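Here is a short note to read beside the model. Please keep the sequence and the 3D view open as you go through the points.

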Amino acid sequence: MNVRRQRVLAGVAGAALLCGVALAPPAQITDAAFTDPEYGRATITAFRVPPATIIACTVANNGLGVFQNVRLVWTSVYPASGVRLTLTQGATTAVVPAANITTTGPAGGLYTHTAVLTQSLLASLISNLLGSTTTLTVTNLLAGTSWVSAGTSRQLSIALLGLNASCT
């Protein structure tokens, strides 16, 4: 009888436990949880990739006033592997190969990057060069991430026949 009594008590305890679980309120779903400002403290620091600074955009013409090349010079806190120069004309965008960008520095924490884009190089990247406006955009790239800075741009305008080229 002692064994039977233990089994009855175990059954009653199990049933009481199941009733208690069934009667307990369900866990609340949380979309976002916050802590009381009295007890929780945190500091969040956001990083923004700093943009490059274009310091010169000059056009060289031949003796007849026909466009030969454009020289773009910019400074950046990033070395050559951390910069990109793109050309955009209408819906066409091309990236200038890194081999066409020379870098010096750092001096005072800044690298100086120079790209001399000849008429033939530009024509190979952007097919309709003459009689058009091409946007030259420099961006900084944060190594190991997909983060890029805001672009810094200049407009290269070349009239028909390659005359009256300007960079503004």
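1. Contact here means heavy atoms within 4.5 Å. Among contacts in the chain between residues at least 6 apart in sequence, 60% join residues at least 24 apart.

2. A word on the source. This is a predicted model, in which local features need pLDDT of at least 70, side-chain atom pairs count only at pLDDT 80 or more, and totals for chains, interfaces and linings use all residues. Residues are numbered from 1 along each chain as its sequence is written, and side-chain values use heavy atoms, with hydrogens and water left out.

3. Overall layout. The chain has 2 helices and 9 strands. Both kinds of element are DSSP runs numbered from the N terminus: helices are H or I with at least four residues, strands are E with at least two. Along the sequence the pattern reads α-β-β-β-β-β-β-α-β-β-β.

4. Burial. Of the 168 residues in the chain, 27% are buried. Buried means under 20% relative accessible area, exposed over 50%, and partly exposed in between (1.4 Å probe, protein chains only).

5. The core. The largest nonpolar core has 24 residues. Such a core is a set of buried Ala, Val, Leu, Ile, Met, Phe, Trp, Tyr and Cys residues joined through side-chain atoms within 4.5 Å. V70, L72, W74, L85, L117 and L136 have the most contacts inside it. Two or more residues each come from β1 (53-61), β2 (67-76), β3 (83-89), β6 (110-118), α2 (119-125), β7 and β8. β2 gives the most, with 4 residues.

6. L85 up close. Which residues does L85 touch, leaving aside its neighbours within four places in sequence? They are L72, W74, A94, V95, V96, I101, A115, L117, L136, T137 and V138.

7. Strand pairing. Two strands pair if DSSP finds at least two bridges between them. Strand β7 (residues 132-140) and strand β8 (residues 152-158) are antiparallel, with 7 bridges. In this pair, T137 stands opposite S153 of β8. β8 also runs antiparallel to strand β9 (residues 166-167), joined by 2 bridges. There, S157 has S166 of β9 as its bridge partner.

8. Two backbone points to check. Most residues other than glycine have a negative phi, and most peptide bonds are trans. G105 and P106 are joined by a cis peptide bond, with omega about 10 degrees. P106 is found in strand β5 (residues 101-107). N164 is not a glycine, yet its phi is positive, near 55 degrees. N164 lies in the loop between β8 and β9. At 66% relative accessibility, N164 counts as exposed.
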